[in-house]
Amino acid sequence: MKNLKQNWKLILLIIGIVILCIIVAIDIRMYVNSKIQKSLKVNNGQLEIKYTRQSFSEGIKNYLLSERDIGQIYGDKKIAIYYTGYDCPFAKNMSDVAEPLGKDEKYSSKYFFHPEAAAGSKFFLTEEAALAFMDFSDMCQQFCIVNPAKKQIIRIDEMDAEKAKYIPEILNHFKNW
């Protein structure tokens with residue numbers, strides 16, 4: 001009888017350890033693959049800008065490499081991607097701020113600036129390429145920064161014309177990320 005109680009205790013201990021290992025493995029997997037949401041303050045602390053940091057897949061890397069201008073510099077710098085086109089109501093605001101930064105050594109030494117057409121037709125040779133583009137578009141949305149070395153994207157959440165004014169401050173914040 002005593003031996004049976006010890007066996008049950010041992011079985012319960014083993015089950016507890018297995019459950020703990022599963023929970024730790026899930027937490028580690030979520031940390032590695034998850035979206036991490038944070039915020040930063042701009043305009044002397046007057047405006048809080050929320051952003052999401054997320055790892056990206058090999059498929060998204062391949063999509064980025066397929067973009068002619070990005071493919072030529074991929075891995076050398078971070079990539080600031082801003083959307084253009086009629087279906088992005090503040091595209092002109094972002095372009096007006098981002099384009100001059102691409103010519104400014106302070107920013108161009110750290111970032112490559114890529115205007116991404118928000119509308120129009122794109123042609124893909126494979127279904128995998130089309131899916132990678134859709135995944136990338138969902139991750140980036142209107143403005144994002146890609147760090148090829150870390151295989152991560154930082155997306156500015158709920159980008160709008162007001163936040164577009166602070167692209168230089170946003171880029172300064174992430175220059176060493």
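**View 1. Val146 and Ile153 face each other across a strand pair.** In this close-up, Val146 has Ile153 of strand β6 as its bridge partner. The model shown here, as in every view that follows, is a predicted one. Strand β5 covers residues 143-147, and four bridges tie it to β6 in an antiparallel arrangement. Together β5 and β6 make a hairpin, with four residues between the two strands. Look for Lys151 in the turn, where phi is positive at about 55°.

**View 2. Strand β6 also pairs with strand β2.** Here the partner is β2, made up of residues 47-55, and the two strands run antiparallel with five bridges joining them. A handy place to start is Thr52, which stands opposite Arg155 of β6.

**View 3. Both faces of strand β6 are covered.** Is β6 buried or exposed along its residues? Five of the five residues in this strand, 152-156, are buried, so the rest of the structure largely encloses β6. One side of the strand carries Gln152, Ile154 and Ile156, while Ile153 and Arg155 lie on the other, and all of these are buried. Arg155, then, belongs to a covered face and is also the residue opposite Thr52.

**View 4. Tyr63 and Phe136 bring distant parts of the chain together.** The structure holds five aromatic pairs. In the pair formed by Tyr63 and Phe136, the centres are 5.3 Å apart and the planes make an angle of 40°, a tilted geometry. This pair links distant parts of the chain: Tyr63 sits in helix α2 (residues 58-66) and Phe136 in helix α6 (residues 127-140), 73 residues apart. Tyr63 counts as buried because its relative accessibility is 4%, under the 20% cut-off. Phe136 counts as buried too, with a relative accessibility of 0%.

**View 5. Tyr111 and Phe113 make another tilted pair.** For these two rings, the distance is 6.3 Å centre to centre, with 55° between the planes. Tyr111 is buried at a relative accessible area of 2%. Phe113 is buried as well, and its relative accessible area is 11%.

**View 6. Three aromatic residues join in a cluster.** Which residues do ring pairs link into a cluster? They are Tyr51, Phe174 and Trp177.

View 7. Ile23 belongs to helix α1, which spans residues 2-33. With a relative accessible area of 45%, Ile23 is partly exposed.

**View 8. Stepping back to the whole protein.** Along the sequence, they follow the pattern α-β-β-α-α-β-α-α-β-α-β-β-α-α. Of the 177 residues in the protein, 36% are buried. Considering contacts between residues at least 6 apart in sequence, 66% join residues at least 24 apart. The protein's accessible surface is about 11,200 Å², and carbon and sulfur atoms account for 56% of that area.

Definitions and conventions:
Residues numbered from 1 in each chain as written. Predicted model: local features only at pLDDT ≥ 70, side-chain atom pairs only at ≥ 80, totals over all residues. Heavy atoms only, no water. Buried < 20%, exposed > 50% of the residue type's maximum accessible area, 1.4 Å probe, protein only. Pairing = 2+ DSSP bridges. Contact = heavy atoms within 4.5 Å. Areas by Shrake-Rupley, 256 points an atom, 1.4 Å probe, with all protein chains shown as cover. Phe/Tyr/Trp six-rings, centres within 6.5 Å; stacked < 30°, edge-to-face > 60°.
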